[in-house]
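Please work through the following exercises with the structure at hand. Each task is followed by a solution in steps.

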Amino acid sequence: MIELTIDGIRTKAPEGMTVLEAARGIGIVIPTLCYHPGLSAYGACRVCIVEVISENSSSLDASCTLPASAGQVILTNSERVKKARKVIIELLISSCPNSKTLQDMASRFGVNKVRFKIKDKGCILCGLCVRYCKEQMQSGGIGFVGRGTSRKVAMAFGVTPEECRNCGGCEWICPVCGRACTAGNLVNGLCGGCQNLMPVETCPVCVHCSESVGAKGHKVY
Amino acid sequence: MEKQHDNVQDIIKSYGGSLDSLTSILHDIQSEYKYLPEDALRQVAKGLGLPIIQVYGVGTFFKSFSLKPRGRHQCTVCLGTACHVRGAPAVLEEMERQLGIKRGETTEDMQFTLENVNCLGACALGPIVVVDGKYYGQMNAGKVNKTLAKHKESPTRKKDEKVKLSI
Amino acid sequence: MKKLNSLFKLQKLQESLAEQRESPKSCIAVCGGTGCYAYGAKDVHKAFKDEIKRQRMKDKVDLMLTGCHGFCECGTLVVIHPEEIMYVRVMPEDVSEIIKESVLKKNIIERLLYIDPASGERIKYEHEIPFYSRQQRLVFGSNGLIDPTSIEDYLAIGGYSALSKVLFDMKPEEVIEEIKKSGLRGRGGGGFPSGIKWETCRDAPSPNGTRYIICNADEGDPGAYMDRSLLEGNPHSVIEGMLIGAYAIGSNKGYVYVRNEYPLAVKNLGIALEQAREYGLMGEDILSSGLSFDVKISRGGGAFVCGEESALIASLEGRMGEPRRRPPYPAVKGLWGKPTNINNVETWANVPIIINRGAEWYSRIGTKGSKGTKIFSLVGKINNTGLVEVPMGIKLREIIYDIGGGIPGGKRFKAIQTGGPSGGCIPESLIDLQVDYEKLKEVGSMMGSGGMIVMDESTCMVDIAKYFVKFLTEESCGKCVPCREGLDRILDILTDITEGNGKEGDIELLEELASVVKDTSLCALGGTAPNPILSTIRYFRDEYEIHIKEHRCPATVCKALIAFTINEDKCTGCGICAKKCPQEAISGEKKEPHKIDQEQCIKCGLCRDLCKFDAVIVS
């Protein structure tokens, strides 16, 4: 077993466990987007970043792909983490504003303005659909094509390949598809509906809050 | 198109059909056909036992590859830092204006393809433009017209100039 | 049978080839590097060949097309051995005179000599030219002495001695100790101690004992072409280094991953590998030592990110060049999950030198933390463009002025950019900086692969930052959010600033966004992308502010902020500009000063380039 310290709490984790999983083991829920326990860790969204403290420096790293190692000192909600996470969410919203998952996340983490141009791609390129197709369905019908800002999920030559099982898993697992923001008008990329949420400090258990939180109170699952 | 398939099969075989040569196989196919035809990519996927989306993905990831047919004449503008500092953007803009296309595109009459590259290693001659394998150094917007004119009526590049930038 | 199956046979061959070289015959070495090729070296070489044939002089003079000599500004370079007379800017028309005068009569042709701009003197010998005399060309020097397509040349100058020393006189652990002691650090940009990498790879568990050696030749930094010149000009030095590494680490299979934009490097490397196999220096049971090792060439193309280790491995596994999270590092878990040692071309080329001359000797060159020499590509606004090899610790001033010959046109030096798109700009105030890994990092830049771009007063630093960010947005693999979206938004802000739409607070926003991209990106591409922006803001903040507050570009580069006008005093009314203007925006009577219609002008700069009277003003 590996001994490490997360948010001041000393804990043990088996060999091969990631910091994200180790944190969850002691009830610390780090927010994620591209992570799914049934699929391989990808480390693309960078929302799950934590601060790794070493002797004379510290760095930020994605906890879903960071292996727990002996003597590690981790902070999951330090000022540095909070600041960076806000900017990442801001970047995500500016590239895919019409997603309830992202809007909820924005409200939870105090993102109340989007300072960048909105370039709606309708996709956050988390790769859950691609990994689902490859790993769960042992297929390989869809995948990433292109590079940089033109990267997208597609099928070869735009044609449904014979590998496709028509399972619909890619749509099902998507954090954006079918979960559009229902508040109506997006003002400057932000949905006004969730602006009155209570800050996340009072609700550390929630992972993907799919209910409006705030004045109406919230449900804990 | 039986002949095409044979060629592609030979190329795959020459590399032992192994995954570590995927990019090399694609380069050779592109040298033959001046781009990567859909048939050929599907054949490569089958030959290497890969899902077509993986081969397609690799084909779209590396900028060297083109999935669309290219023009008879290849114009490459160097946009490396040294050339940039010496005024390459102005040369590129003039070429775009004269050919009527943006970089990465081919003229409608399939005569010219305009592309850019990052550093040809001939920085002393910058800004550089390579047309059909011929190097033109110390370019400026004023020289573009004459340079293109030299190649407008000339025949397509020879079959044995297999690589994109022949020396 | 060519195959050398013993140390004895190798040594005998080396001796006899070395003896042949000592003959009193003259040798004409024509530089065959890419720069000189672009100047017409092929034609010069052919002219020599024809002339020698015509005059039936084959028994009197040898002709060689060598690797890059480095002095790219003055191509085509020709060196006459054994005198070492160097002729510059040689054209095919000069060939018969060179043969007649310099080879037969041993006379020197003055007009073909290099003129030192500082002293005005003509310099005869290669080693006396300041460009060369200030260098320490341990690795690169051999380029000019050999024909890269001839393994015999390499053997004649002692090639493969290091390999034989390692195979028969040293244990693998001893080789690793030697590399560790030498202080060699990765020359591709990371600067990681190579000896430690080798040791980690050797010690990493591998169930069936498979370990891989890779040479990273995907040199992607624009403006850097050292690796290309080494692979084209002296491929055997890299092969020998890899063989030594294979022995030390315990590997049988290697790859050279080279970008397809280097066709001559691919070709010469292929020839070198074939020749090495013919001589039994590659393949099964090399020199009967028990080591079996072979190398495959894999070609990348158009993907800067594949210079990153894990992206390179992904490409070798038949996938897109997406980087992976590290740890685990490739040395522990790399290609196909096996321990893999990846080193840059220049790093490999240093290995035989360290083995031959000893780690002790090597570690005396350079500074405390950075040992040995480094090859830099000195390009941009500099008089002597080319490849220079200097000891670590040399001052920037020396590189720019003593070797580089200063800034052309008498313009003022403004900054030097090192480390490519991952590095930063170093201003004049730091020109006495001693170049090494640590010092460059301290000032906000880095060594990178060795590109050094010199900039003068006519370079706009905001434009440079924009250039690098644009480059990186096009090269980003797109996997992680901060790099893909963050760099794109940074580009938006920089574009606004260069177009006069910058706002108060933009600089602070850039700094904030750049820091997040730096801290949270998945790989080093995103992790170092902010360096050009942060360093230009650090040293040239005033330029940013002038762009934003005054909507002005001090260096007159940013198109939206400049206007082309004609100086009526200088204009002779020749009308050339009006004729060529693509927008027909210039009007005027013959012999009368012309005028540019600002509404029509698209600022292409053609008029300024064409005007023989310097009458076009950019403000």
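**Exercise 1.** State how many helices and strands chain B contains, and give their order.

Solution. In this predicted model, chain B holds 7 helices and 4 strands. Read from the N terminus, its elements follow the order α-α-α-α-β-α-α-β-β-β-α.

**Exercise 2.** Determine what percentage of chain B is buried and what share of its contacts links residues 24 or more positions apart.

Solution. Chain B has 167 residues, of which 50% are buried. Next, take the contacts in chain B with a separation of 6 or more: 60% of them join residues 24 or more positions apart.

**Exercise 3.** Describe how helices α7 and α11 of chain C pack, and classify the residues in their contact.

Solution. Two quantities describe a pair of packed helices: the angle between the axes and the distance between them. For α7 (residues 161–169) and α11 (residues 235–249) of chain C, the angle is about 10° and the axes are 9 Å apart. Because angles under 35 degrees count as roughly parallel, α7(C) is roughly parallel to α11(C). On the α7(C) side, the contact involves Ala162(C), Leu163(C), Val166(C) and Leu167(C); α11(C) contributes Glu240(C), Leu243(C), Ile244(C) and Tyr247(C). By class, these residues comprise 7 nonpolar, no polar and 1 charged.

**Exercise 4.** Identify which residues touch the most other members of the largest nonpolar core, and list the contacts of Ile399(C).

Solution. The largest nonpolar core has 306 residues, and those touching the most other members are Val91(B), Ile128(B), Ile244(C) and Ile399(C). Leaving aside residues up to four places away in sequence, Ile399(C) touches Phe376(C), Leu378(C), Val388(C), Val390(C), Ile394(C), Gly404(C) and Met452(C).

How values were computed
Residues numbered from 1 in each chain as written. Chains lettered and ligands numbered in written order. Predicted model: local features only at pLDDT ≥ 70, side-chain atom pairs only at ≥ 80, totals over all residues. Axes fitted to C-alpha atoms, helices over the stretch in contact; angles between N-to-C directions. Helix = DSSP H or I, 4+ residues; strand = E, 2+ residues; numbered from the N terminus. Parallel < 35°, antiparallel > 145°, perpendicular 65-115°, else oblique. Contact = placed C-beta atoms within 7 Å. Nonpolar A, V, L, I, M, F, W, Y, C, P; charged D, E, K, R; others polar. Core = buried A, V, L, I, M, F, W, Y, C linked by C-beta atoms within 7 Å. Buried ≥ 20, exposed ≤ 12 C-beta atoms within 10 Å, placed from the backbone.
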